[in-house]
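Biologist: I'm new to this one. Can you put it up and walk me through it?
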Amino acid sequence: RLRNLSVPLFLQSLGTPVAVTGFVRSPVSLSYPRGVAAWPRTPPLATTPANAEGESGLFADVDSAFNGEDTVSPLVASISPSKTIEVHALTQEMKARGERVVSLCVGEPDFKPPPAVISATATAAQEGATKYTGVTGSLDLRQAICDDLSRRKNLAYTPGDIVVANGAKQAVYEGVLAVVRPGDEVVIPAPYWPSYPEIVKLAGGTPVIVETTVEEGFLLTAEKLRGVLTDRTRMLIFCNPSNPTGAVHSKQQCEELAAVLSEEGGKGDGVWVMADEIYERITYDTPHAAFASLPGMYERTMTVNGFSKSHAMTGYRLGYIAGPPVIVKAIATIQGQLTSCASSISQAAGLAALRVRDDEMQHSFDVMREKRDFVLKCLSKTPGVKTAVPQGAFYVLPDVSAHFGKEAPDGTVIGGATDLCRYLLRAHRVALVTGESFGFPRGIRISYAASLEEINEALGQFEECLSSLK
Ligand code: PMP
C-alpha cells in the first residue's frame, strides 16, 4: 500500500508529532524536529512580507494580514503573506496617474537570457521534455553542474551530490531545514538578504545577527565570527558576493573565517556553512573563492547557486545545492515531499545555460561594472552618503544616516531610511529600498540592474533630494 508522506512531513514541520503506521515509515531520519511538539502557540516570529524576488517590503513596517492566531496554525500566523508593499503600491498609483517614476529596486538582471537558453526552452517544450524528472534533477544537468563547479571553482562533486531545486531560494530553505533544529542558532551577517532570517525562523531556528558596517566594507571578520559562535551554533549563512551590499570576501578573508570554524566549530555539533554563491559570476576586482574549496570546509559546506542572476533566468525558477552525501540525501527527501523536481523545461534550459561560453556571458558582466562605476561616481557627488565599493552583484548600500533628523523643504522630517524612501518617491519620483529590510536601518539599497539613463535620472534626483534636506 502506497501512502503519500507529504502530509506527515508537513505536519512534522509544523511541530505536530506524527505517528506513521502501516507499511511506510517516515523517511525523515534527520535529527529535526527535536522537541518540536513544544513549539509555542504564538512563536516569537516577526516576519516581513516578501516580493517576488523574495525580498521583504521596501518598507519594513507593514502589518501582518494574519491576526487570527487561533484559527490558523502558529506557523502561518507568524508569517505575513506576500502583498503589495507600500512603495510598490505608491509607485503603481503614481504610474497610473501618468507620472514618471524611476525604480532602482529590482533584484534581477536587466539583460536577457542567452539566445541558446531561449531556443533550448522552446525545443524542450516541443520535443517532449515535459515530464517529471527525478527529484534531484536530470542526470545531464547535474553532471553539467559538476563539470562547471570543477572547471570554474575547483570543486569535486558527483551528480549524486547535487539537488536541483525550484530556484536558489528553495535550495537555501531545504538546506536549512535539513540541519537546523528548533532552538539552534544560525549566524547571519548583516546587512542580509531578507529571506535568511525568515527561513531560519520557519525551520524553528534562532537567527543570530552579526552586524558589519560600511566602514568595514560590510565584510565579516574572523574576530566578529568568533564572538558569536556558541555551542548552539548550527550554521553560518554566508552570502558571497552579497545581496544587498555587493561585498565580496577575498579568498584570504574566507580562509580566516574557515579557520575560525575549524577551531571553534567543534564546540557543539559542528557548524554548517550555507554558502549562497548565486552572484559568484558577477564580480569585479576581487575574484570569488568558493567556500567549499577552502581547507576543511568541503565536508561542512552546502554550496547554493542558480541561474537567476548569472543567466538572467529569474522566471525559470532554477537553482541547486551541492554538499556532502548525508545532507544531499536529506534535502532530496525534503524536496521529494514538497515539490518533487524542478521544471523539466527549465532544467533543459539550465543545461543550455551551462554550455554558453564564459566569454559570451562576460559582456553582460562588463556592462554591470560600467554601471557600478557610474553609480559610485554619482554617489561621490552626493552629500552625506558613505559608500563601500561593491565588488560584486549589482547592488550598492550607502549609509545615509547623516541625513536622519533633517527636514525637507515641504516640512517632512526624515526620521530614518524608510522616511527617506517615502519622501524620495513622493517628491522626487525615485523608488529605492529601505535598508530596514536588510537589517541595515542606516542605509538604502540601490540596484543598478537598470539602464544608464534610469540610473542617471534616479541618482540625479537622489542628489537633489539629499542636498535639499536641512
Ligand atoms: N540568494 C540571494 C542572495 C538572492 O539575492 C536571491 C534572489 N533575490 C536568491 C538567493 C534566490 O534566487 P532564485 O531566484 O534562484 O530563487
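Biologist: What classes of residue make up the shell around the ligand?
Modeller: This is a predicted model. In it, the shell around the ligand has four nonpolar, eight polar and three charged residues.

Biologist: And which residues come nearest the ligand?
Modeller: Gly167, Ala168, Lys169, Gly306 and Ser308 do, out of 15 residues around the ligand.

Biologist: Let's zoom out. How many helices and strands does the chain have?
Modeller: There are 14 helices and 12 strands. The chain has 470 residues, and 49% of them count as buried.

Biologist: What share of the contacts joins residues 24 or more positions apart?
Modeller: The share is 73%, counted over contacts with a separation of 6 or more.

Biologist: Now the strands. Is β6 mostly covered or open?
Modeller: Mostly covered. Strand β6 takes in residues 272-276, and five of its five residues are buried.

Biologist: Which residues sit on which side of β6?
Modeller: Trp272, Met274 and Asp276 are on one side. Val273 and Ala275 are on the other. Both faces are covered.

Biologist: Which strand is joined to β6 by five bridges?
Modeller: That is β5, residues 233-239, and the two run parallel. Phe238 stands opposite Ala275 of β6.

Biologist: And how many bridges join β6 to β7?
Modeller: Four, and these strands run parallel too. Strand β7 covers residues 301-306. There, Thr301 is the bridge partner of Val273.

Biologist: Which residues of α5 are buried?
Modeller: Leu141, Arg142, Ala144, Ile145, Leu149 and Lys153. Seen down the helix axis, the buried residues of α5 fall within an arc of 160°, so they line one face.

Biologist: What do the buried residues of α5 pack against?
Modeller: They pack against β2 (162-165), β8 (319-322) and α11 (344-355).

Biologist: Which exposed residues are on the face turned away?
Modeller: Ser150 and Arg151 are carried there on α5.

Biologist: Last one. What follows α5?
Modeller: Asn154 does, and its phi is positive, near 60°.

Technical notes. Residues are numbered from 1 along each chain as its sequence is written. This is a predicted model: local features need pLDDT of at least 70, side-chain atom pairs count only at pLDDT 80 or more; totals for chains, interfaces and linings use all residues. A residue is buried if 20 or more other C-beta atoms lie within 10 Å of its own, exposed if 12 or fewer, and partly exposed in between; C-beta atoms are placed from the backbone. Two residues are in contact if their C-beta atoms, placed from the backbone, lie within 7 Å. A residue is near a molecule or strand if its C-beta atom, placed from the backbone, lies within 6 Å of it. Ala, Val, Leu, Ile, Met, Phe, Trp, Tyr, Cys and Pro count as nonpolar, Asp, Glu, Lys and Arg as charged, and the others, Gly among them, as polar. Two strands pair if DSSP finds at least two bridges between them. The arc is that of the directions from the helix axis to the C-beta atoms.
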